[in-house]
Amino acid sequence: MEILISVIVGILFMSATYLMLSKSLLRIIIGTAILSHGAHLLILTMGGLKRGAAPLLGESASSYSDPLPQALILTAIVIAFGVTAFFLVLAYRAYQELGTDNMDKLRGNEGND
Amino acid sequence: MINFLILPILIPLVTGVLLIFAAKHIMLQRLIAGLSALITVIVSVLLVKKVNNDGIQTLNLSNWDAPFGITLVSDMLSALLVLTTSIIALACVIYSFRGIDEDREKFYFYAAVNFLIVGVNGAFTTGDIFNLFVFFEVMLMSSYVLIVIGGTKIQLRESIKYLLVNVISSALFVIAVAYLYSVVGTLNMAHISVRINEISELGQPGIITVIAVLFLIVFGLKGAIFPLFFWLPGSYYAPPAPVLALFGALLTKVGVYSIARTYTLFFYQDGGLIQQLLTILAVISIILGIIGAIAYWDIKKIVIYNIIVAVGVILFGISAMTQDSLIGAIFYLIHDMNVKAALFLLVGIMAAITGTSDLRKISGLIKRYPGLGWTFFLAALSLAGIPPLSGFVGKLLIIKGGFESEHYWGAGIVLMSSLLVLFSIMKIFINGFWGTSRDYEGADKVSVKRMMAAPVILVAIAVFYGVGSEFVYPYISQAAETLANPGIYIDAVLKEY
């Protein structure tokens, strides 16, 4: 199961990289979202998938699953969510102000002469 | 156990929340922001004293014992950096009273500054690797707001790039933490160090090297080392002077601190490959930074490229890993935070008077603004490390350490870089302050005297820090002691474990 998830993580990273290399701002943002999904899935896999009972005191099992990766993912998801929302708003505002979402036209050269 | 060390995080946090509610009352905002910055400085001074007297302070949040809960750790290094951060925050807040327009002040400028300080102080204080990530995000989120606040075209354009680079580096951070967790099964930094030591007894496994390089990429993106500094000159150029000062002085240095912390605590066993990599990257950063600083004719750009030089010098000190070079690196780190903030604020004043940052359109400022000129001169000498000003001691010790550890080439380049830094910054002084005096439109509206308060404080500290090195030295060497012997840090955190 871990191998399968690792392959999925790889595919997610691959598509994220592809999207982030494109010129359209919206594709780039979707790319970053997919990248963070891949990272979150990776944490879950790295902690080991289901290894035993739920980590509750009442369950008197011989082994328990590690609850920590889930706590980490929860934190990371909230942060990624906030950043993506901010990014979308920023991109929209930049599009209104600059009139383009093509990264080629967003090069800057102030103070470069 | 003591709750004291959380105050430099808590005070800006509460202030930031308060300021959101006071957004439309500018005077009230200034009062609250100034007062709380002052209180943070006082608390940080007390914290440094406390650490000096009683050794490393730790705080286990919610009483979960280390290594299970999140631990805040304040050793001398982090206490000193928290103090420096608080002083710079105070200076930037004072400067902003005059140096930033009212529209920005109304749109939560002071609140964002306070949240930024929460993130920076938190990153310096935390003893938990995932918590470090969270504080990084707090810091980055506020920096996104600060870089775009005002919404001019150049700011919007550059903040997109800044955000994209940092989102990617955050994802890499999560990935690096995930790998580390799967190998060592813990997140407490002291405990990670113990575990890595255990597995490395029979030679370091390759995965640790992979993780080390991943961390170097993550922190290198924040700290702007070669080859990951490409985003910095463009992005830092966009925001106004006080924001630029905060970014230039604090954000890159958080990356440098994180490299210092992780490389002395986690990855010190493998003396070979990783350290060599760090040395080479540091030296290349110095060279490329210098080339940029000399090439440009824009006062902001010149100082921005000097950030990259300084990061390289500090990292060279850390990578040499001798007692002297570590002391030198910490000396230089604190010096550089202080003097970069002063320089950015001074450059901001120059740009405000002349309405441009193109050096070729500026000349003869010293006739009308002698105070500004001489303060800038002092700051410039201090940056280049002319004795007895503050950069000297740090650079001396770094070079000494470099020679001791037989990095002759690197030490030589650090030495040469001082000269070229002096040249690049004197170029601003000679062309901008000397020569025929010109009339600038709108120069009369700028109240230079009031804006000068903050940089004068910072330059005074720089002078004291250099002249009074004898007084500062014990604190710095105590900080370097912890870096050189991770055992001290580990014992302090895991005492009951």
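This is a predicted model: local features need pLDDT of at least 70, side-chain atom pairs count only at pLDDT 80 or more; totals for chains, interfaces and linings use all residues.
## A covered helix in chain B

Helix α7(B) is mostly covered, with 23 of its 32 residues buried.

Now take α5(B), residues 109–125. This helix has 17 residues and reaches 24 Å from its first C-alpha to its last, close to the 24 Å expected at 1.5 Å a residue. How many of the residues of α5(B) are buried? The count is 17 of the 17, so α5(B) is largely enclosed by the rest of the structure.

## Chain B as a whole

Stepping back, chain B has 21 helices and 2 strands. Its C-alpha trace spans about 70 × 55 × 45 Å along the principal axes. For 497 residues, a compact globule would have a radius of gyration near 23 Å; chain B comes out at 21 Å, which agrees.

Burial in chain B stands at 63% of the 497 residues. As for contacts in chain B with a separation of 6 or more, 80% of them are between residues 24 or more positions apart.

Helices α1(B), residues 7–21, and α2(B), residues 26–54, have axes that come within 9 Å and cross at roughly 175°. That makes α1(B) roughly antiparallel to α2(B). On the α1(B) side, the residues that meet α2(B) include Leu7(B), Pro8(B), Ile11(B) and Leu18(B). Among their counterparts in α2(B) are Ile32(B), Ala33(B), Ile39(B), Val43(B) and Leu47(B). Sorted by type, the residues of this contact are 11 nonpolar, 5 polar and no charged.

Further along α2(B) sits Val51(B). Is Val51(B) buried or exposed? It counts as buried, with 23 other C-beta atoms within 10 Å; the cut-off for that label is 20 or more. Leaving out residues up to four places away in sequence, Val51(B) touches Ile56(B), Gln57(B), Ser74(B), Asp75(B), Met76(B) and Ala79(B). Met451(B) is 400 residues from Val51(B) along the chain, and the C-alpha atoms of the two are separated by 34 Å.

A few loops of chain B are worth a click. The peptide bond from Phe226(B) to Pro227(B) is cis, with omega near -5°; Pro227(B) is in the loop between α9 (206–223) and α10 (232–237). Another cis peptide bond joins Pro387(B) and Pro388(B), with omega about 5°. Pro388(B) lies in the loop between α16 (370–384) and α17 (391–404).

Then there are the positive phi values. Ser62(B) is not a glycine, yet its phi is positive, about 50°. Where does Ser62(B) lie? Look in the loop between β1 (57–60) and β2 (71–74) of chain B. Ser62(B) is exposed, with 6 other C-beta atoms within 10 Å. Glu406(B), also a residue other than glycine, has a positive phi near 65°. Glu406(B) is in the loop between α17 and α18 (408–433) of chain B, and with 10 C-beta neighbours inside 10 Å it counts as exposed.

A compact globule of 113 residues would have a radius of gyration near 13 Å, but chain A has 20 Å. Buried residues make up 26% of the 113 residues. Of the contacts in chain A with a separation of 6 or more, 51% are between residues 24 or more positions apart.

The contact between the chains takes 28 residues from chain A and 32 residues from chain B. On the chain A side, the elements giving two or more residues are α2 (25–46) and α3 (68–98). Which of the elements gives the most? That is α3(A), with 14 residues. By type, the chain A side divides into 18 nonpolar, 7 polar and 3 charged.

Key
Residues are numbered from 1 along each chain as its sequence is written. Chains are lettered from A and ligands numbered from 1 in the order in which they are written. Two residues are in contact if their C-beta atoms, placed from the backbone, lie within 7 Å. Helices (H or I, at least four residues) and strands (E, at least two) are DSSP runs, numbered from the N terminus. Ala, Val, Leu, Ile, Met, Phe, Trp, Tyr, Cys and Pro count as nonpolar, Asp, Glu, Lys and Arg as charged, and the others, Gly among them, as polar. A residue is buried if 20 or more other C-beta atoms lie within 10 Å of its own, exposed if 12 or fewer, and partly exposed in between; C-beta atoms are placed from the backbone. The radius of gyration is taken over C-alpha atoms; the globule rule is 2.2 Å times the number of residues to the power 0.38. The expected span of a helix is 1.5 Å times one less than its number of residues. Axes are lines fitted to C-alpha atoms, for helices over the stretch in contact, and angles run from 0 to 180 degrees between N-to-C directions. Angles under 35 degrees count as roughly parallel, over 145 as roughly antiparallel, 65 to 115 as roughly perpendicular and the rest as oblique.
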